[in-house]
Amino acid sequence: MSDAIHIRNLGYRAGKEFAIRDLAMTVPTGSVYGFLGPNGSGKTTTIRLMLGMLPKLDGEVTVLGHSMPEGAHHALAKIGFVPERLHLYQTLTVEESIAYHASFYKNWDAAEAERLRREFALRAENTVGRLSKGEAGKLMMLLALAARPDLLVLDEPTDGLDPVVRRDVLGALVEFVERKGTTVFISSHLVHEQERICDWVGVMDGGRLVAELPMHAFRAGIKRLRVNGAAPVIDGMPFVVLSRDLVVGHEEQWVVRGWQPEMAQWFQRGGAELRGVMDLDLEESFVELLRSSRSPMPEGN
Amino acid sequence: MFKQMLAVQWRFSRKTIAAVSVLIAILPALTMRLSAVSTVNYTPRGLVQQSIALGLVLGMFAVLTGLFIYESTWRNDTSGKNVYLLSLPITWRQFMLNRLCGALLLLLLPALCLWIGGVIGTAFVPLPPTLHVYALGVAFRFFLASSLTYCLWSALVQFSGQKATLVFLVVLLLAIIVPVIIAITGVALPLETIFRWIADPPSPVSVFFSRWAIIDV
Amino acid sequence: MFDRNRFAGFFLAAIFAGATWLPAQNRTADSTLGQRWVAAELRLARLKAEAAHRDSIVNSNTPPQEIVEDVITIHYDSSVIGRATVAVLRRAARTAASEIRKVQGDGAVRTIGSIQFAALPVPNAGKIGRLVRLRPIVSRVGLNEIVAPTSGFGSLFRQYFLDMAAAQATGLADPSLASWVTPVIPLAKKSQEDWTEVAGWVLGAQSETVKRCINGSALSCGTVLGLEATDDKLAAFYGPRDYPSLVEAFGVQKNDPDSVATIVNRCIRTADDATCGQIIRRIRVGDPLPGQSRLSLVEIALERGGVGAADRYLAGTGTIRERLAAASGVPTDTLLLIWRDRVLASRPTHKIAGIALAGFGWSLLLLFASLRRPKCG
């Protein structure tokens, strides 16, 4: 099966400060892809480029088999999109918003929309502008899910929501994905949330994708090592050193990617001593990854 | 989809449309009534002059109606930075066409009110046989002028900063620099011909220069 | 299935088609008057064909354009009403410089090289002046060519000299003609807008006599155009139905006692003949049509009369009726009915199809101009 999203050499520039350069990304069909990155890293811009809302400078973007932005209207018919901020018309009621949105989608599931509206406790006659942040988030999720999409693109869908609402929204999402097997592309800087639901992770920083790998590899492959007596420059390491800090005396703390237990022997052969291997949680891994992408280790280390 | 888009446009602009419709529906009657206070016995020439003056006001209303309806129907999109409309599965061309058709239907309402208001407002005026009521013609002009304003504004707001600057510079050139050059060099301008170009079809503003008198000879 | 594109296309097409057929501002629904207009149109068409035929003959004898263009002086003199021959233009050139000096001062006419210029002030521009190359233009009223100046000042300046020329022509004419209409002769052909204005005066006049004229009475047309002796203007121009309006407009003078105001108010309110009759005689009523409408009759006469019509009109003796008949070559009553037909044919017609097509066409163009997909953010 082809990939749900396929991006190659994507380039975009917004003013003098910010640019996306040579972005390549693949979201497998049926996956739940977590798109991580700090604020301002280019996540929302990438999503807008992906959906054809912004004109790309160069590169190619294919979403659900449609080249973007030319095939945007075909692709968007099969995409449920929840943007970062409330984008609906403020003066319409919930009912009017649903009716308006439904009119654009051939696969609209009115019964599902009504079920979700009740489940989310959204009053039909309330105007959108007067909804609380949580209610607005629920409404946007409702509109995205009731279109029965093949791909859900969620841009910070739970940002600023209280834990109860976040649980409701994510619960509805998980239930939907389980039922329909939809591909989900979820952007967030809330790492723990991603850890629970994603099976692929992409990390964005400064307009570049610094890592893209399956969640299990991401979780298991990044370790913190305590190393004593290592030479300043070592060649032929079987793993990638993300950071290397002196702790005390000759003892150093390394953060490495691609660690396997049998690699411990490599230290002995090099005259160094491996004193301990510690697991990192996703957030720590994410932070270390960003640190290393911002100040990479010199060649040979 | 068109029905929903129309409903939403109506929802956004209904207050504006209602206000404009009521105002221009009562304006002819009000004008005739005001004239009745000062002139019980309408003179034909007075009536025509009064209608022409009313036509000027209606022309201005048409421009304002086009602008207000554009603004009220698009404000929600522009304030939301167009994110919503760009996320909808529809081509921009289809979207605009639907929006324009919706806007034309909405702009018909004030024009219809003007027609009815014009007929009613002039029904009680004892017209001499040389004068006639042209409420439908004026209402049609109103519709045309407001639609044109809507489309013109729609095109202008789509301009990029560079294009807008270019248009501004051209207008500046025409309005200020050209008259100065003419004054200094003494070049003769065919003013009458220029005026005809502006006032007669196919000039885009010819509708504003046509007869807007509800009562005319 | 509901096809939105097709619907939109049909919708726009329907508006286009409907707009061009909309009977807005067409001619009056009044059938009698309508029939008369149709007849008037036919007559007008015949006249146009006749005039075109005459024009073609005259054009063959017109002096070459470059000669007209090369005469670099202003010329205004009643003697040029006639053919703009080379001799006439040269004679005009000899007198023009002195005329300009009279108006603008001694230094006004300058010769640079072989070309004469008039030094003229620029309105509202302080000390800034301008040298304007002057040359005459030849306009035609019927077959009578009239040499009038033109310049860099455009139509405004031209009008200024036309007015002077007209004033001079009036000064040369005999008093009876000058008291009937001022200026005595139109020096520029009336545009369609000018005729529309005349139609507005005639059709908008509050006068029983004007209404009779509109309905086809040549005598009434002659009366309202001042061709008949009218000692009693009230009786000549107005009927009882006109009284309330006249009373309202002119009824109360500054020093009138309250009793007059009471009667005036009663007349306005009730339109009662007896009440209005009490007060109407106190009023000095004016003509129902402005003097300029008389000039439109002269224009018709010159158009009809062909070569020499202007000279016959200006040089003739006798009543105005006789002069107009001599100039036009048709009986004055016929001339009056031609004038009436022309006036009725000149009432403002409303080019609804033109403006509708232009309006919708531009709307569509502008729509296409706005099809650029916006960026978000």
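**A helix and its setting**

Modeller: In this predicted model, the centres of domain 1 of chain A and domain 2 of chain A, taken over C-alpha atoms, are 37 Å apart. The domain assignment places domain 1 at residues 5–206 and domain 2 at residues 218–294 of chain A. Where these domains touch, eight residues of domain 1 of chain A are in contact with seven residues of domain 2 of chain A, and on the domain 1 side helix H7 (191–197) and strand S9 (200–205) of chain A are the elements that give two or more residues. That side of domain 1 is made up of five nonpolar residues, one polar residue and two charged residues.

The part to look at closely is helix H6 of chain A, which covers residues 163–180. Within H6(A), the buried residues are Asp168(A), Val169(A), Leu173(A) and Phe176(A). Viewed down the axis of H6(A), these buried residues fall within an arc of 125 degrees, so they line one face of the helix. The buried residues of H6(A) pack against helix H5 (133–146) of chain A, whereas the face of H6(A) turned away from the buried side carries exposed residues, namely Pro163(A), Val164(A), Arg167(A), Gly171(A), Glu175(A) and Glu178(A). After H6(A) comes Gly181(A), which has a positive phi, near 70 degrees.

Definitions and conventions:
Residues numbered from 1 in each chain as written. Chains lettered and ligands numbered in written order. Predicted model: local features only at pLDDT ≥ 70, side-chain atom pairs only at ≥ 80, totals over all residues. Domains from an automatic or database assignment. Contact = placed C-beta atoms within 7 Å. Helix = DSSP H or I, 4+ residues; strand = E, 2+ residues; numbered from the N terminus. Nonpolar A, V, L, I, M, F, W, Y, C, P; charged D, E, K, R; others polar. Expected span 1.5 Å × (residues − 1). Buried ≥ 20, exposed ≤ 12 C-beta atoms within 10 Å, placed from the backbone. Arc of directions from axis to C-beta.
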